[in-house]
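Me: I have a structure open here and would like to talk it through with you. Could we start with how the chains meet?

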There are 2 protein chains.
Amino acid sequence: MRRWNGWGDDAIDFPLNEDMRAFLRDRVGAGTPPTDATLAQACRAVAPSRLPPQRGIDTAPEVRLRHALGQSLPDWLKLRYGKVDRVPDGVAFPESGEQVRELLAYAKQASALVIPYGGGTSVVGHLSVPDAAQPVLTISLARLSRLLDLDRQAQLATFGAGVAGPDLEAQLRAHGYTLGHFPQSFEYSTLGGWVVTRSSGQQSLRYGRIEQLFAGGKVETPSGTLAIPSFPASAAGTDLREVVLGSEGRIGILTEATVRITSLPQREAFHAVFFPTWAAAEDAVRSIAQARLPLSMLRLSNSIETLTMLTMAGKSRLLSLMQAYLGWRGCRGQKCMLLVGASGDAAGVASAIGQALEVARRFHGVHVGEAIGKKWKHNRFRNVYLRNALWQHGYAVDTVETAVDWPRVGAMMHAVEQAARDAFAACGERAHIYTHLSHMYAQGASVYSTFAYRLAGSYEADLARWQALKGAVCDAIVATGGTISHQHGVGIDHAPYLAAEKGTLGLGAMRELCRHFDPSGMMNPGKLLAA
Amino acid sequence: MRRWNGWGDDAIDFPLNEDMRAFLRDRVGAGTPPTDATLAQACRAVAPSRLPPQRGIDTAPEVRLRHALGQSLPDWLKLRYGKVDRVPDGVAFPESGEQVRELLAYAKQASALVIPYGGGTSVVGHLSVPDAAQPVLTISLARLSRLLDLDRQAQLATFGAGVAGPDLEAQLRAHGYTLGHFPQSFEYSTLGGWVVTRSSGQQSLRYGRIEQLFAGGKVETPSGTLAIPSFPASAAGTDLREVVLGSEGRIGILTEATVRITSLPQREAFHAVFFPTWAAAEDAVRSIAQARLPLSMLRLSNSIETLTMLTMAGKSRLLSLMQAYLGWRGCRGQKCMLLVGASGDAAGVASAIGQALEVARRFHGVHVGEAIGKKWKHNRFRNVYLRNALWQHGYAVDTVETAVDWPRVGAMMHAVEQAARDAFAACGERAHIYTHLSHMYAQGASVYSTFAYRLAGSYEADLARWQALKGAVCDAIVATGGTISHQHGVGIDHAPYLAAEKGTLGLGAMRELCRHFDPSGMMNPGKLLAA
């Protein structure tokens with residue numbers, strides 16, 4: 001069953017090996033395992049529902065608790081320390097667009113606020129229940145998950161927007177297709193959630209971001225139904241898909257989405273290349289991205305992330321041999337690992353990988369084959385389970401990501417890492433900090449940093465620690481010219497930083513759009529645009 | 001000097017050969033060359049300016065006349081028959097964003113309406129002067145054409161938005177780059193015009209539509225300056241670039257645009273392939289598009305367009321030999337020509353073309369080498385001069401284009417052609433009608449039809465003929481599920497058809513955006529959104 005206070009299915013554990021525990025003790029100090037609140041305790045704290053009774057709306061405390069929060073670190077702190085102060089007053093599970101329309105009408109009549117719920121994987125507070133006098137209805141899209149139409153000739157599939165990653169891929173695979181959208185949250189996140197938060201998958205280099213995959217759909221809004229037909233392209237004024245993309249529940253609920261699909265690739269390969277320094281690695285990966293090779297993924301870890309990944313992989317004869325070989329080839333303490341992926345027919349994959357490796361060689365890249373890439377692929381959706389294990393050992397982990405043009409990529413990495421280091425130093429703690437470039441473009445790259453640190457042991461202290469970290473790294477992102485999010489969205493946590501990139505006039509345009517579709521402001525208030 | 005009442009530079013003629021004249025006589029009847037109004041006559045008809053005098057605003061009749069219209073057929077009818085009933089009251093040529101701001105302030109104070117003017121190549125009425133009591137100020141961006149910044153590492157260039165195609169490419173070529181955006185209007189159309197009308201270039205398969213190339217910029221609006229920073233990608237709410245794209249002058253004036261550029265390709269090739277039937281050709285081109293090969297162009301002519309192009313090419317020994325060879329290979333009266341382009345390094349081009357030809361062979365495609373492709377490339381921006389020559393022989397020519405998913409591509413071609421045929425039959429005329437697919441996507445294609453027919457000889461009769469044609473083909477597009485424009489925009493001519501694809505709620509959102517940036521409705525009223 002799905003964990004109520006952590007990531008994923010409670011049958012799956014991804015424990016820390018002893019090397020990794022020693023590594024963390026050495027870098028940030030020994031953690032003190034905290035005492036978690038129990039589900040029963042948390043349920044007892046749930047206040048009575050304020051919604052008028054309605055068939056199809058579940059008001060059971062556990063159901064409401066399980067839909068109260070996402071996966072951000074402040075969300076975790078509330079769950080783990082038993083501080084869930086607000087939960088929705090009810091949760092509905094509509095099975096059709098019509099039922100969603102009825103629920104919106106019911107909510108309007110009950111003066112209720114509405115929070116759309118996809119897979120519950122938001123890491124920026126999209127699901128938080130506002131501190132408001134009105135009751136709150138959460139609408140889960142879980143039962144809107146069917147493949148509604150498959151157009152083989154146009155390579156289009158229409159799904160209920162609540163379909164989660166594995167279900168979506170399974171339904172397509174049965175017909176020989178893939179969407180190819182694989183964010184780390186894939187196991188639970190949904191098609192509709194991807195669209196309204198502008199998600200990007202690990203293989204977006206081949207398949208595109210969700211912006212490129214989303215071809216049209218239906219949105220139920222308080223002002224009526226917005227139906228967006230699918231065209232290959234159009235020059236007819238505003239692209240209404242763009243009004244839905246990144247709308248984060250503020251204009252309505254996406255109930256159906258048509259997406260561009262691709263024939264399943266014959267072959268998929270992920271190769272690892274090591275570089276002696278970050279400078280060489282960054283030059284190489286920029287050159288590869290700008291050569292526009294038909295690759296599916298480029299993922300470059302800095303030296304600390306490389307060291308962390310090798311430590312997590314544990315000790316093996318193969319790894320020792322590889323490390324020795326790399327040392328002999330000049331890749332030692334500062335070495336950085338690049339993963340290069342390609343998908344397609346066998347000849348195309350071989351050719352694309354071959355061309356990428358040729359560029360890498362020009363920058364002293366050392367190719368070590370597919371073993372590490374296979375391991376990465378195997379664990380691509382499991383690494384996120386590490387958060388559970390780290391918590392049990394008394395450590396918190398959080399991440400932040402941005403995207404920035406190439407001339408500022410290196411500066412961004414340093415600025416974010418330094419800001420985090422300083423924030424922890426100010427409270428007398430150390431943090432284990434590392435970064436990778438997760439998505440490459442000809443123009444620049446996304447910069448994705450991870451911070452592991454010791455829990456303070458109380459809700460208030462840990463929240464303060466996180467707030468200091470989050471404020472420092474977000475300030476650094478804005479100051480260095482990055483977008484406040486490349487793939488996670490805005491939610492509550494990033495809303496204060498949005499004005500820096502949209503400007504007052506731009507933010508005003510977003511507000512006008514929300515007002516048009518939701519005149520009374522009942523849809524997911526406080527998210528995306530601060531009140 | 002630029003023609004005041006036709007396409008292009010008056011030093012350039014692209015005459016019809018005798019074969020082509022005979023071909024047209026045979027297909028639609030002999031044309032009667034009309035008598036054009038003179039520039040002097042047209043200037044004499046220009047009414048006095050209603051604008052309060054202002055330094056930097058030119059109110060000379062000829063300047064105002066030359067900025068009064070675009071290149072749509074109704075625009076031509078007005079110019080050629082001396083029926084230019086409305087011209088702007090003045091034309092300004094600002095040299096900076098600040099001067100644009102001052103002009104907007106001046107216009108606001110004078111209660112004037114503002115029409116932004118790029119290259120004057122609109123074919124849907126973007127530049128028409130509204131029939132209003134207020135004076136009208138046209139703001140030409142011609143002097144905002146400098147390369148303002150070049151970021152080699154991020155492959156970004158920032159230009160004044162008034163830069164026209166050849167000037168833009170020349171400035172980039174000096175540094176080893178290209179934008180790769182080549183619409184047929186390239187010679188005069190501007191970067192800003194491309195952005196605000198969602199233009200698509202002939203090699204968009206490689207370089208992307210202008211949506212993909214436009215990375216950020218500055219827009220001067222009546223509500224203030226909208227500055228859009230450039231990021232490689234972002235998940236931070238609404239993408240403000242999308243508010244500018246397709247805005248058609250309704251929210252303000254784009255003064256600066258940052259675009260994604262590419263290193264100049266080492267090699268560029270265009271190969272011709274003939275197919276025995278449309279069905280085979282369409283299957284082939286869909287398969288090639290869905291194979292996602294790194295090509296730069298796919299352009300498929302139907303059999304009548306193929307015949308027209310071969311007739312225009314005239315008689316030569318090489319062409320006769322080719323026709324004989326094609327006949328022997330099964331490509332006869334119904335043959336359809338596909339042009340396949342690729343750009344990049346020599347090996348990449350050879351490989352991409354090779355793979356495309358391999359797919360074409362599976363559908364009985366016969367490859368005839370590069371000669372026709374070279375000829376096409378040579379004339380790619382000259383064919384549009386044929387409009388002048390046709391007019392002199394008493395023929396009008398107009399085009400219409402849409403995009404639709406693959407299952408409806410063939411039906412769309414037939415529906416549009418039949419609608420046009422019926423419209424002309426109703427007035428006792430024949431039209432020479434042909435179609436090509438101009439841009440291919442995995443999802444579908446753009447369908448681009450051309451209509452050549454005899455002039456009636458009077459403004460009123462020719463306008464009625466055109467209105468009947470335009471109404472019939474636009475109705476067919478909407479009824480067959482296409483977008484009202486794939487690359488020309490909406491302007492005045494397509495505005496009545498917009499509701500079919502945007503819906504009332506979607507149109508309302510577009511109106512709210514316009515209102516936000518332009519509360520008094522002074523910017524290009526009547527365009528995009530009908531009053």
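Predicted model: local features only at pLDDT ≥ 70, side-chain atom pairs only at ≥ 80, totals over all residues.

Me: What about polar contacts and salt bridges between chain A and chain B?
Reply: Counting residues that are both at pLDDT 80 or more, there are 31 residue pairs in polar contact between chain A and chain B, whereas the count of salt bridges between these two chains is 0.

Me: Let's zoom in on B:His516, then. Where is it found, and is it buried or exposed?
Reply: B:His516 is found in helix α19 (residues 498–517) of chain B, and it counts as buried because its relative accessible area of 18% falls under the 20% cut-off.

Me: What does the side chain of B:His516 reach?
Reply: The B:His516 side chain reaches the backbone oxygen of A:Leu505 at 2.8 Å. Leaving aside residues up to four places away in sequence, B:His516 touches A:Leu505, A:Gly508, A:Ala509 and A:Glu512, as well as B:Ser223.

Me: A:Glu512 again; which residue does its side chain meet in a salt bridge?
Reply: That partner is A:Arg515, at 3.0 Å from N to O; both residues lie in helix α19 of chain A, 3 residues apart, which is about one turn of the helix. A:Arg515 counts as partly exposed, since its relative accessibility is 46%.

Me: How many salt bridges are there over all chains?
Reply: The search of the whole structure finds 48. Among them, A:Asp239 and A:Arg241 pair at 2.6 Å, N to O, and both of these residues are buried.

Me: New topic: which residues of helix α6 of chain B are buried?
Reply: In α6 (residues 165–173) of chain B, the buried ones are B:Gly165, B:Leu168, B:Glu169 and B:Leu172. They lie on the same side of α6(B), because they cover an arc of only 95° around the axis.

Me: What do the buried residues of α6(B) pack against?
Reply: They pack against β5 (147–151), β6 (156–160), β7 (177–178) and α7 (191–197) of chain B.

Note on methods:
Residues numbered from 1 in each chain as written. Chains lettered and ligands numbered in written order. Heavy atoms only, no water. Buried < 20%, exposed > 50% of the residue type's maximum accessible area, 1.4 Å probe, protein only. Helix = DSSP H or I, 4+ residues; strand = E, 2+ residues; numbered from the N terminus. Arc of directions from axis to C-beta. Contact = heavy atoms within 4.5 Å. Salt bridge = Lys/Arg side-chain N within 4 Å of Asp/Glu carboxyl O. Polar contact = N/O pair within 3.5 Å; in protein donor to acceptor, adjacent residues only side chain to side chain.
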